Amino acid sequence: VVSHACHAMWDFPGNVHIPVIMISQASGRMLVAASGEKFAIDITAVEANAWNTLDSLQELDRDDWPADSAERAAWFRELIRAHHPESPQGSWERWRFLRKVV
């Protein structure tokens, strides 16, 4: 658990916060044994620049989007290509965020 003081220390304007935990393999085995449940470990690279790009979309005004509908569609297709979970560098977290913001 991260204390509020510790969190505030790193809470700079514009920072993207990605909740994550890391446990040892031994702790993972203990969790499985104690709960009787299986856990899936999903290794994903944290892409801070990708998150920053998405975060900046929240600040866009209507006038910031391309006026031409073809340009808007091309820009949106590029966002989809970069963040869709089925793309090599995509993730479901960023995809969900993109769908909320745009």
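This is a predicted model: local features need pLDDT of at least 70, side-chain atom pairs count only at pLDDT 80 or more; totals for chains, interfaces and linings use all residues.
A residue is called buried when its relative accessible area is under 20%, exposed when that area is over 50%, and partly exposed in between (1.4 Å probe, protein chains only).

Residues are numbered from 1 along each chain as its sequence is written, and side-chain values use heavy atoms, with hydrogens and water left out.

Let's start with the fold. The protein has 5 helices and 0 strands, where helices (H or I, at least four residues) and strands (E, at least two) are DSSP runs numbered from the N terminus. From that end on, the elements run α-α-α-α-α.

Now look for the aromatic rings. The structure holds 1 aromatic pair, meaning rings of Phe, Tyr and Trp (its six-membered ring) with centres within 6.5 Å; planes under 30 degrees apart count as stacked, over 60 as edge-to-face and the rest as tilted. The ring centres of W65 and W75 are 4.5 Å apart and their planes stand at 65°, so this pair is edge-to-face. Because W65 sits in the loop between α3 (48-57) and α4 (69-83) while W75 belongs to helix α4, the pair ties together parts that are 10 residues apart in sequence. W65 is partly exposed, at 23% relative accessibility, and W75 is also partly exposed, at 29%.

With a relative accessibility of 63%, E59 counts as exposed.
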